[in-house]
2 protein chains.
Amino acid sequence: MNKRQIQKKKTRELILQMAKAEFVKKGFLNTTTSEIAEKSGIAHGTLFLHFKNKDSLIVEILDRELEEISSTIQNLISRAIDLEQLLLQYLDLLQKEEELFVVLARELPFYSEELRRKILFRDSIIRSHFHKAIELGIKEKRYRDVDVTSAVMFLFGTINYYLSLKPIFLKEGSVIKKFKPSIVKTFKQLLISD
Amino acid sequence: MNKRQIQKKKTRELILQMAKAEFVKKGFLNTTTSEIAEKSGIAHGTLFLHFKNKDSLIVEILDRELEEISSTIQNLISRAIDLEQLLLQYLDLLQKEEELFVVLARELPFYSEELRRKILFRDSIIRSHFHKAIELGIKEKRYRDVDVTSAVMFLFGTINYYLSLKPIFLKEGSVIKKFKPSIVKTFKQLLISD
DNA sequence: TCTCTCGATGAGTATTCAGTCACCGAGTTA
DNA sequence: TAACTCGGTGACTGAATACTCATCGAGAGA
């Protein structure tokens with residue numbers, strides 16, 4: 001890589017970093033592309049050399065977070081570690097990106113059909129990893145033979161539920177930390193035999 | 001009133017009616033003033049003869065709903081009917097406007113500072129009526145001597161809580177109907193003596 | 001019936017923003 | 001060093017949408 005290529009990559013990374021910071025702080029809809037460019041110390045037009053449009057910015061940011069979550073889960077599945085550990089590790093990953101997900105959850109109804117579809121598709125990928133993990137556990141007789149879809153829906157329903165409550169009830173501290181024990185308990189009751 | 005004045009009033013009422021229908025259906029932010037004019041069968045500019053701007057439209061719609069709620073509560077206070085009946089009647093009134101309030105609750109963070117202030121100010125008026133009702137009850141020894149502010153905050157906190165859950169958990173049926181019994185029970189425990 | 005009033009009209013204005021493009025100049029290559 | 005490449009620039013465009021104003025014409029009043 002020569003100087004030019006290094007600079008290009010550096011600029012791209014800087015844009016992603018600044019964009020994410022602004023999205024978390026002010027939301028996706030209330031952040032303009034000009035602001036992101038300004039914060040990144042580049043011209044407005046430069047942003048569109050690196051990203052097709054504003055939507056592809058948030059999609060790439062989301063892809064990076066989900067990539068990390070996905071690879072960790074797949075790692076755990078291949079090592080056949082038990083479900084509780086899988087769940088705890090997933091919650092740890094989620095906690096790191098909690099603020100971004102809260103923004104997405106709040107603004108989702110106002111996004112374009114296209115962007116909403118993309119975000120929900122990426123959400124479903126994570127769910128499918130959980131499906132696989134649970135199916136594997138059932139095959140190996142580690143958990144009860146439950147309706148896998150219901151189990152996954154329960155877990156994600158619970159997470160969405162707590163995220164939605166945050167602005168009203170939880171002024172400080174982490175949402176994830178608050179619900180960890182109860183989710184783990186209910187999830188275990190639902191899935192793990194003995 | 002001559003023909004002109006009658007027509008003017010009729011047009012104004014029609015705009016308010018159509019605007020509210022659109023706001024409930026598509027949200028305040030996703031409804032354009034052109035659409036409201038079209039649905040009302042008037043020219044775009046005519047809308048601004050009747051209302052200073054788009055914000056004043058939603059403010060007037062809200063004022064009318066709150067006017068009805070306020071007068072009913074004040075009526076009940078003056079007749080010194082017991083608190084449970086007051087609460088039930090309030091919930092009935094609220095239920096009629098539930099859809100509008102759900103829209104406002106969801107979109108509120110995206111409104112202008114100015115509009116948000118106006119809406120929250122109107123909300124506080126309703127709360128003050130409850131304050132009065134509860135203080136009267138305490139003065140007349142009908143309820144226990146509780147912290148009035150806490151009691152009102154509890155009631156409105158509970159309502160906001162259920163409203164926020166609706167999009168996630170309650171696919172059908174009324175939110176208000178769902179939480180009526182538990183709110184009434186807890187509220188009575190908190191306030192009513194014996 | 002004639003004149004005037006005023007509610008209605010809709011093309012036009014202002015503003016906000018995402019996205020474009022002709023041009024520049026630093027870095028690369030020969 | 002000269003020619004070329006390509007990432008960066010920022011004024012500009014286009015679209016969406018709230019809001020305005022010169023003008024019209026139906027109805028009121030003489």
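This is a predicted model: local features need pLDDT of at least 70, side-chain atom pairs count only at pLDDT 80 or more; totals for chains, interfaces and linings use all residues.
1. The surroundings of DNA strand D. Twenty residues, that is 20, surround DNA strand D, and the closest are Arg4(A), Thr46(A), His50(A), Thr33(B) and Lys54(B).

2. The helices involved. In chain A, helix H1 (3-26) and helix H3 (44-50) each supply at least two residues of the surface near DNA strand D, as do helix H1 (3-26) and helix H3 (44-50) of chain B. H3(A) gives the most, with four residues.

3. Of the atoms of DNA strand D within 4 Å of the protein, 59% belong to sugar or phosphate, and the rest belong to bases.

4. Phosphate oxygens. A polar side-chain atom of Thr11(A) lies 3.1 Å from a phosphate oxygen of DNA strand D. In chain B, backbone atoms take this part: a backbone N or O atom of Lys3(B) lies 3.2 Å from a phosphate oxygen, and a polar backbone atom of Lys54(B) is 2.7 Å from one.

5. The pair H1(A) and H6(A). The axes of H1(A) and helix H6 (residues 98-107) of chain A come within 9 Å and cross at roughly 60°. The two helices are therefore oblique to each other, and H1(A) passes H6(A) in a left-handed crossing.

6. The residues of that contact. Lys20(A), Phe23(A), Val24(A) and Lys26(A) in H1(A) meet Glu99(A), Leu100(A), Val103(A) and Glu107(A) in H6(A). These residues divide into four nonpolar, four charged and no polar.

Conventions
Residues are numbered from 1 along each chain as its sequence is written. Chains are lettered from A and ligands numbered from 1 in the order in which they are written. Side-chain values use heavy atoms; hydrogens and water are left out. A residue is near a molecule or strand if one of its heavy atoms lies within 4 Å of it. A polar contact is a pair of N or O atoms within 3.5 Å; within protein, one must be able to donate a hydrogen and the other to accept it, and residues adjacent in sequence count only if both atoms are side-chain atoms. Axes are lines fitted to C-alpha atoms, for helices over the stretch in contact, and angles run from 0 to 180 degrees between N-to-C directions. Angles under 35 degrees count as roughly parallel, over 145 as roughly antiparallel, 65 to 115 as roughly perpendicular and the rest as oblique. A crossing is left-handed if the near helix is turned anticlockwise from the far one by less than a right angle, and right-handed if clockwise. Contact means heavy atoms within 4.5 Å. Ala, Val, Leu, Ile, Met, Phe, Trp, Tyr, Cys and Pro count as nonpolar, Asp, Glu, Lys and Arg as charged, and the others, Gly among them, as polar.
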